[in-house]
Amino acid sequence: MSALLRVIDLRKDDILKGISFEMQAGQMIAVMGPSGSGKSTLLYNVSGMDQADSGEVWLYDTQIVSLDEDDKADIRLNRMGFVFQQMNMLSNLNIIDNIAFPAVCADRKNKREHYIRAQKLLDEFHIGDLAQRSIKEVSGGQLQRACICRSLIMDPQIIFADEPTGALNRTAAKEVMDAFLGINKKGATVMMVTHDSWIASKCERILYILDGQIRGELSLGKSDPNEDKNREQKVVHWLESMGW
Amino acid sequence: MLKRLIFNDLRKNRLINIATCIFMAVTAMLLGLSIFLFARLYFSIDMLMRDAQTPHFLQMHTGRIEEERIYAFARSRKDVEKMQILTFLNLQNSQLSIGDISFEANMQDNGLCTQSKSFDYLLDAKNDVIYPKEGEVYVPVAYKNEYDIKIGDTFNIGNEKLIVAGFLRDSQMNSMMASSKRFLVSEADYERLKYLGSEEYLIEFRLKQGSDVNAFYTSYKDCSLYDNGPAITYPLIKLMNALSDGIMILVILLVSIVILFISILCIRYILLTELKKDMRQIGMMKAVGISGKDIGHLYISKYLMLSLIGCIVGMISALLTAKKLSINIRDLYGEPENALFIYILMLVCSVIGQAIILLSVRRSISKTKKQSAIEALLGNADISKRKNMWLTASVIVASAVFMILVPLGMKDTMADLDFVTYMGIGNSHIRADVRQNDIKKETFRFIDAIKNDERVDRYCLMQTGSYKVKLENENTYDLMIENGDHSAFPVSYKKGEAPKNENEIALSILNAEEMDLDIGDQVIVFMEKDGKESECKCTVCGIYSDITNGGKSAKACLKDDTAPIMWSIIYISLKDEGSVSDWVNEYQDMSDGIKIVKISEYLDGMYGTTIRNIANASFLTVILSGVIIIVVILLLMRLIILKERNESSLKKALGLKTFDICKEYFKKLSAYVLSGIVFGVILGVFLGQRLAGALLSMMGAQGFRFVIDPLSTFIYVPVFIAASAFAAAFISLGTIKSISASECLNSGME
């Protein structure tokens, strides 16, 4: 089976120094590393939000690095989903408008269907009753779950998440992580940058980056609620061994 | 969704959106207003001249005429469609009054006439031909407001009385710049009142379509027909009609173009402020794959809506203002038939103005396309350079100063007594015109009287006669030459200087252009000397601008006692300028048939309306400039403070006080505002002179010196602009207080 995502010798300024890895469809991987190691830069360059200096990024049979800005935007809109640490949403739209927004921009004709799907996603993440609220009228955890809904509206092949729980308290972070685990269980592929060993322990694989290079990889297998504690301890030990 | 997005943005950013809308509305209003007034004036004059059947060529003449000679000339010409000889009963202004108001101070040549038979009709408010009944008089509409005349008032000519039955539009003498005014009476009254004045003839021709008016003019003069008065052509009548209101309209047009430029700059910075503020959201949209085109569409849609509102508000304000400003045009020239076309034209021009603004908005938005999603998302995208923003403040301040100084300078230039010297008139205290009865006898009687008057400082006699001249290329022309001492009360020369000897001649610009002569060229003037016909070879020594006598005149010092004098002008200056009014009153009572006027009143009579119109436009410009400066500086400072928020936060973290940061901004703003003011003043004085020159040359004044009032130019206007700018800066600097020292700590990126 061909990999969903193949990254080959990716370089960017002095931050990424030849990164290569693969991801299979349905995987959820965490990218970890100390501050300034290049975790976020890797995510931005893999997703085409930033332009790499050299190297290749294949999303199935599409080489992203060589595409122009418009084509990259098109790939991001139709085949990728994004969740950020800062819960960026359009402040002049309410929750459901924000979720439906990418779909409406991609296909204005079926507006009604997009809104029905947006509401369905909100319901799945237990925030259906917040649909008409302003983004300022909901909690951080609720807003981040709404952002996950937005990332799913176009039924993407992969979701990129940059420190999705970084700005949340533990309870909200758990709600958000449960949401990610839920969508991964349903088959979504997730690449997540995180500082948090507990979050990373929920993922199937962890890539450890230092000075722009992958210095180690840990395979944990699919998340198992009964194994949570052990997995976290394993991750902590591994990180310590990597010099974390 | 789009509607909600725009509506919520309008609601949240109320102030900034209102400011944008105001700029759009003011641009639409001024553009619409100037085009409306311009089109209305043009079409109304056109319609009046068509309905009245204005003559294409008109020759005034005093003295006996043999009508058959003129009819024979007309029959010999294929280009003449119709011709007629009208009479005009010239009356003494001192004899005239309406109710209690005397016409004594009136500068115009007022007289009676009857309705024309075949063209050059005098029309009523509906542009219908008027046929007055016995005992009735129709008054020129230009006097309606000036003397507050009402229908039913009594018009007195000496002891004779007529009832004002209405007001008339005179297509050739409507403008206050035309020096005569016709009052319409019935034929019976005209015959009855003939004894009160002296008759002048108006020899008028209507030419067939496509005929060359200038060629006809030359042929008429070549045939040595009756021509001891000014000759006027159709284009000149049209120009005179257009000028008094036209200059004000051109000033409004000039201001609206400057405002359009300022609006583009301001809206650009409003948009850049907004984009800067929205950069994270733009980054997020880009990150999730929304194309730059779609993001641009969101902003363009909002600006399109603001533009629509601005355009509607601007058009409504333009229509309301236009109603007030066009009262004079409506009274003088009537309602144009194609009003709908004018409204459409007005709308089209306002829409073009909005389109220019929206194009600039699109250009600014396209800047965001160049930013990568991640630059935008992390707020690192720099879409406006700071230096450019300070420079913009400077440019807008300079534009505002320029916008105030041009109309102000034009007003001061026209109101200055020296202005008459650019019009072919000497700058003395008093001017006495002798145009009736035995001109020579009257002139010398008057001169004898003032010669022994101790109050008179100096005087100078100018006598005008018609001469035939021949050029080196054998072409001949008829010239009206004013003979006298031209150094006593000199006019301003565009080129060269006044004639000093008998072999020198100065020409008005129109004559020099028509005869293709320049300084140093020679002409031969034919005249009679000691009963014999003689020639005098004259060198062109000067060229000057002239609005009198249709702009065609010449000045020389020919000693020719035998040639008939068409009219005499005596320029007088008194030792005590304060006693001019008393002197004029005293001599007016003594000298029937001589029109004695103060030069300042002469100027006011001719250009008073224009000067007042420009003064109104200047006042409007000052207010507008103040508002614009306040809004612009508020916006720019807001944007700059927003851009430098992190730096300011860092400064606070390092221990600087809010006051210290404010002081830095204030110093910088002061430097740019003051340099803008200096640049604006220089621009206003030098470029303004050229612009005002171009406008005033349309009135016949060329090569003039732009008069600047040093107090307004160097003190009042700069202080007003600086005060507006600093007031706005003071308000916007208040936001620095809200910047916390800790903000800079959270702004790094991994």
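This is a predicted model: local features need pLDDT of at least 70, side-chain atom pairs count only at pLDDT 80 or more; totals for chains, interfaces and linings use all residues.

User: Why is the pair B:D294 and A:R108 called a salt bridge?

Analyst: The N to O distance between the side chains of B:D294 and A:R108 is 3.2 Å. The cut-off is 4 Å between a Lys or Arg side-chain nitrogen and an Asp or Glu carboxyl oxygen, so the pair qualifies. The count of salt bridges between chain B and chain A is one.

User: What makes up the side of chain B that touches chain A, by element and by residue class?

Analyst: At least two residues each come from α1 (2-12), α8 (279-287), α9 (292-325) and α12 (373-377) of chain B. Of these, α8(B) gives the most, with six residues. By class, this side of chain B has twelve nonpolar, five polar and seven charged residues.

User: How many residues are in contact between the two chains, and what area is buried?

Analyst: Contact requires heavy atoms within 4.5 Å, and by that criterion 24 residues of chain B are in contact with 35 residues of chain A. The buried area is about 2600 Å², and carbon and sulfur atoms give 58% of it. Nine residue pairs between the chains are in polar contact, with both residues at pLDDT 80 or more.

User: Why does the pair B:D189 and B:R192 count as a salt bridge, and where does it lie?

Analyst: The side chains of B:D189 and B:R192 are 3.0 Å apart, N to O, which is within 4 Å, and therefore they count as a salt bridge. Both residues lie in helix α5 (residues 187-193) of chain B, three residues apart, or about one turn of the helix. Over all chains, the count is 39 salt bridges.

User: Which residues and elements line the largest cavity?

Analyst: Of its 14 lining residues, B:Y217, B:D478, B:L479, B:N511 and B:K552 are the closest to the centre. Two or more lining residues come from each of α6 (213-222), β15 (476-484) and α15 (509-515) of chain B. Strand β15(B) gives the most, with five residues. The lining divides into five nonpolar, four polar and five charged residues.

Terms used: Residues are numbered from 1 along each chain as its sequence is written. Chains are lettered from A and ligands numbered from 1 in the order in which they are written. Side-chain values use heavy atoms; hydrogens and water are left out. Buried area is the accessible area (1.4 Å probe) that two parts lose on being put together, summed over both. A polar contact is a pair of N or O atoms within 3.5 Å; within protein, one must be able to donate a hydrogen and the other to accept it, and residues adjacent in sequence count only if both atoms are side-chain atoms. Helices (H or I, at least four residues) and strands (E, at least two) are DSSP runs, numbered from the N terminus. Ala, Val, Leu, Ile, Met, Phe, Trp, Tyr, Cys and Pro count as nonpolar, Asp, Glu, Lys and Arg as charged, and the others, Gly among them, as polar. On a 1 Å grid over the protein atoms alone, a cavity is a set of points where a 1.4 Å probe fits but cannot get out, and a pocket is an open set with protein on both sides within 12 Å along at least five of seven lines; lining residues have an atom within 4 Å of a point.
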